[in-house]
Amino acid sequence: MSGFTSLFAKSSDKYDSSISELFKNSADGPISKDQLIEKKRTIVDIPNPKKHKHTEKDVSGNEDDEEAKSSDLSEESEEQEEEEEIEEERLIKKTKKKDENDNLEAKYFEQVMRSEEQEDTAKDEDESKEEKVSDEGTPSVEKESKKTKAAQTIDFKEEELEKAERTVFVGNVPSDVITSKTTAKNFKKLFKEFGKIDSIRFRSISFGESLPRKVSFAKKSLHESRDSVNAYIVFAEKSASLTAKKLNATVFENHHLRVDHVAHPAPKDNKRTIFVGNLDFEEKEESLWTYFNDKLDNDVESVRIIRDSKTNMGKGFALVQFNDTLTVNKALMLNDKPMKVTSGNKKARKLRISRAKSNAKPSLMSPNHIENVKKAYASNKSREQQSLTDNQRTKLGRAQSVLGKADRSRVGKPKKVIIEGERATKGSKISGIKGLKSGKVKKPRIRDRSTKFKNEREAMKKEVKK
């Protein structure tokens, strides 16, 4: 302790000498210590505003004393008490205001400290929820309570596009391919020379009865006036499908086949094509082949009768393409000349022949102009299609130009998992049906086609058993 006191000994004398030196240099002259005014702290005694009021007691001895004391109080004393109470209330209000103003800064800092503490505790809780150390010492992350949306993948029909690269279209195929097995084997053998065949499917079949397509195909009840169908042959390799195009205009079972590739079709030249109108609805393609080949030295390349998509019967006009442009001028000479109708005992019809014309380009003001169509397509595109890359857009455009109606309607949209369900019955609960408040099916949907299908199927089963 002796060393510590020696360091700070006589510190007060040094402090007093330094203050006196400072005051000597002032403008008004030196100031003594006595002239310095010390600021004293004033303490206000706040009296208790509430006064204790005596309650009446049910005691016989004290009641007389209280009445005597109350009678001694004069009116002057009552007025003085009221004035004192008013002054005390004023003092209390002033002191409250001063205390509130003095404590504003302290309250502000208290709120700041509380908010910081709350943030720290919230962070600690989040960290503790994210990682909980297991018994082995490895952190285990908890599953989030919020539901996350599954990632959607856009369907570009790549499998169908790859299949289209190996597919060949064959038109004017004799309908005996469906009814007889021998013609079906011969038809397959004709194309099997170019390579291995994966599948053959027949389309554009016109049926004689108004039954479901599956039933009429099983019964093989085809239309009498329609003797041809279309076929799609899928090869195992792309090279085989490209070489199979050589079979165009070959004769099979007295029918000129029209062979073309699905993904790489032959170019259509309007300069070598004529439009043939005023045809009978039941007219056959083979009759047009024979008529124009006889008149124009066998120069027909392809014949296509435009048919209805529902009935698969003709619409009354066709397109005939030749190998040379000069034969078009010869074909125009056959305009308004009759052609015999092969089906039935019908009269000959005068053909209306003209050059095949490409559609005229609309003006810039028309909404059908290519630029206006592109703008409308860009505005109507979905968000998924707007965020596509260039490679994905080429796939989408390729699919829309090559694939059929069913595939075109789904291309460019997110893939959906199709789950096959059961048929609704009376009283069964189904969720998600609009307008169904109770959730129960009152009556199942029954149509005439479904009942006919069931009856035909049962009749076919009985015939097989017999």
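The structure holds eleven salt bridges. Keep in mind as you browse that this is a predicted model.

**Salt bridges**

- Lysine 157 and aspartate 155 form a salt bridge, with their closest N and O atoms 3.4 Å apart. Lysine 157 counts as buried because its relative accessibility is 11%, under the 20% limit. Aspartate 155, at 17% relative accessibility, counts as buried too.
- Lysine 284 meets aspartate 227 in a salt bridge at 3.9 Å, N to O. This pair links distant parts of the chain, 57 residues apart: lysine 284 sits in the loop between strand 7 (273–277) and helix 11, and aspartate 227 in the loop between helix 9 (213–219) and strand 5. With 22% relative accessibility, lysine 284 counts as partly exposed.
- Aspartate 269 pairs with arginine 272 in a salt bridge whose closest N and O atoms are 3.3 Å apart. Aspartate 269 is partly exposed, at a relative accessible area of 26%, whereas arginine 272 is buried, at 16%.
- A network of salt bridges links Glu162, Arg166 and Asp198.

**A buried charge to look at**

- Glutamate 286 belongs to helix 11 (residues 285–295). Glutamate 286 is buried but has no salt bridge, and lysine 284, the nearest side chain of opposite charge, is 10 Å away.
- Leaving out residues up to four places away in sequence, glutamate 286 touches Asn172, Asn254, His255 and His256.

- Phenylalanine 235, neighbours within four places in sequence aside, is in contact with residues including Val168, Phe191, Phe194, Ile197 and Ala240.

**Aromatic rings**

- Tyrosine 291 and phenylalanine 292 form an edge-to-face pair, 5.2 Å centre to centre with 80° between the planes. Both tyrosine 291 and phenylalanine 292 are buried.
- Phe187, Phe191, Phe202 and Phe252 make up one aromatic cluster.

Key. Residues are numbered from 1 along each chain as its sequence is written. This is a predicted model: local features need pLDDT of at least 70, side-chain atom pairs count only at pLDDT 80 or more; totals for chains, interfaces and linings use all residues. Side-chain values use heavy atoms; hydrogens and water are left out. Contact means heavy atoms within 4.5 Å. Helices (H or I, at least four residues) and strands (E, at least two) are DSSP runs, numbered from the N terminus. Buried means under 20% relative accessible area, exposed over 50%, partly exposed in between (1.4 Å probe, protein chains only). Lys and Arg count as positive and Asp and Glu as negative; His and the chain ends are not counted. A salt bridge is a side-chain nitrogen of Lys or Arg within 4 Å of a carboxyl oxygen of Asp or Glu. Rings of Phe, Tyr and Trp (its six-membered ring) pair if their centres lie within 6.5 Å; planes under 30 degrees apart count as stacked, over 60 as edge-to-face and the rest as tilted.
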